[in-house]
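Come along and follow my entries.

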Amino acid sequence: MNIRILLSALAMAGTAAAQPALTIAIGGAFTAMDPHFHDLSPNTALTSHVFESLVMTDTNGRPIPGLALSWQPVGPTTWEIKLRPGVTFHDGTPFTADDVVFTMGRAPNVTGSPASFGQYIRPVTRIEVVDTHTLRFHSERPVPLMPMMMTTYAIISRKNGEGMETRDYNSGRAAVGTGPYRFASYTPGDRASFAANAAHWAGAPAFSRVTLRMIPNDTARVAALRAGDVDAIDNVPTRDVAQLRAVPGITVQSRVGQRLIYLYPDVGRQISPHVTDLAGRPIPNPLRDVRVRRALSMAINREGIARQLMEGFSVPAGQLMPEGALGFDPEIRPERYDAVAAKRLMTEAGYADGFALTLHGPNDRYVNDEGIAQALAQMWARIGVRVNVATMPSSMFFARTPRDENSMALTGWSSSTGEADTSLINMVATPMPERGWGTVVRASHYSNPETDDLLLRALSTLEPEARGALYRQIIRLGVQRDLAVIPIHHQVNIWATRANVRYAPQFWERTRAMEFTPVQ
């Protein structure tokens, strides 16, 4: 071998060896390597190592160029998108407008998807390919949030994706993206590994190899960090924050996010599957009565949950968005805890003797989710509602949701745009798949033509302040008045890292290698 080539090869090998690996323990369950299978934060975080979106976001959630270099409206119902030239997929195939067309045809239509990406894509009624790196998205109405919608769905390759199913992405066969890391392995329910993509358009990433381990058990996740088995963890249990902060070489960080923890009651069906009288006999669904829903909300001691269960890492909520987000209403306060008044409402509604229901929810997805469910059961017992708590791994909980098997469920939602639009689409709007409404099933069976009409107006309103006013009007009607969902709190997200890495907390609740940097 030529000595110059040999020295160059040795230098490259030394650089690769010096480049560190990163192992992150994830609290939330990811369910597929298919970037379009499930609109779920852990899935989005997982697959974004391999696949990228047209538009990305900075640490504060503002849109920045991704696979699209620029985007601008060229008419009231038309956006022109200029794609980044010179980008290739991991197999060397050039990225073009045709891949975007293919992606937008596939993403809303994945077989078996528990929660599709249709709400972000259905507003585009026609795609015009101007040239290999220019597209125009046409819509029936103005879509002011088009840039943020383009942050939500990952672009896949037509060459590697045509005819492929979710299982082909899980096996790695179709997992060929443009992202900073290449697919290495994926074990459902356990872990995923990625290798650095040295040819990435933004340059080689910081780590030679990344492993995301799924450790839903809080105690096991914290123990893995303390033992040095992992470099970082997310979803730090609030009870462990003080102890971890006292450990030399471990840093704990937190940031208030958009994640709303809330309840969705079955407000529509005459007979609901898990509501009975106290003897276990089926009864007409009491959750259809807004007085019963109000009583259940009034019986929740949100301040107590924040103080004792969340140890200060939550913000009690009476609405969908946190302060500072478009759609937040400063006049809406969290429901005041008043068990006596709640009991009076139950009597007024004809349920002085109470009734029984099952509260379903995950036990490994949100901070203290099972503890919150148990606390709610105790609080509701004081007003005569006997609760059977049925929590389960999030993979099981989200799989049962599309089957509409719940009467009352504890879950969470974080807007993908930083505004109230997706929250309203999924919590208040009447499901209309042709509009992309109801593609993420959190079924309360609430339907109100008045709020639907207001939402249509809001989604077509270009001026942010006017759009925010419409959001607030919908929230006052659908949430504050009708309790289509019952807000509990906005979650404060918590991460912990060892001394060998630094982490920059994001506005979004997504834990990804791209936000970590090695410490020399």
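In what order do the strands of the open sheet of four strands lie? I read the order as β5-β6-β8-β7, with antiparallel pairing. My strands are DSSP runs of E with at least two residues, and helices are runs of H or I with at least four, numbered from the N terminus. Two strands pair if DSSP finds at least two bridges between them. The edge strands, β5 (68–75) and β7 (124–131), each pair on one side only.

A note on the source: this is a predicted model, where local features need pLDDT of at least 70, side-chain atom pairs count only at pLDDT 80 or more, and totals for chains, interfaces and linings use all residues. Residues are numbered from 1 along each chain as its sequence is written, and side-chain values use heavy atoms, leaving out hydrogens and water.

Next I looked up β8 (residues 134–139), which six bridges join to β7. There, Arg136 is the bridge partner of Glu128.

I then followed the side chain of Arg136 to a salt bridge with Glu80 (2.7 Å, N to O). A salt bridge needs a side-chain nitrogen of Lys or Arg within 4 Å of a carboxyl oxygen of Asp or Glu. Arg136 is in strand β8 and Glu80 in strand β6, 56 residues apart.

Is Glu80 buried or exposed? I found Glu80 buried, because its relative accessible area is 11%, and buried means under 20%, exposed over 50%, partly exposed in between (1.4 Å probe, protein chains only). Arg136 is partly exposed at 28%.
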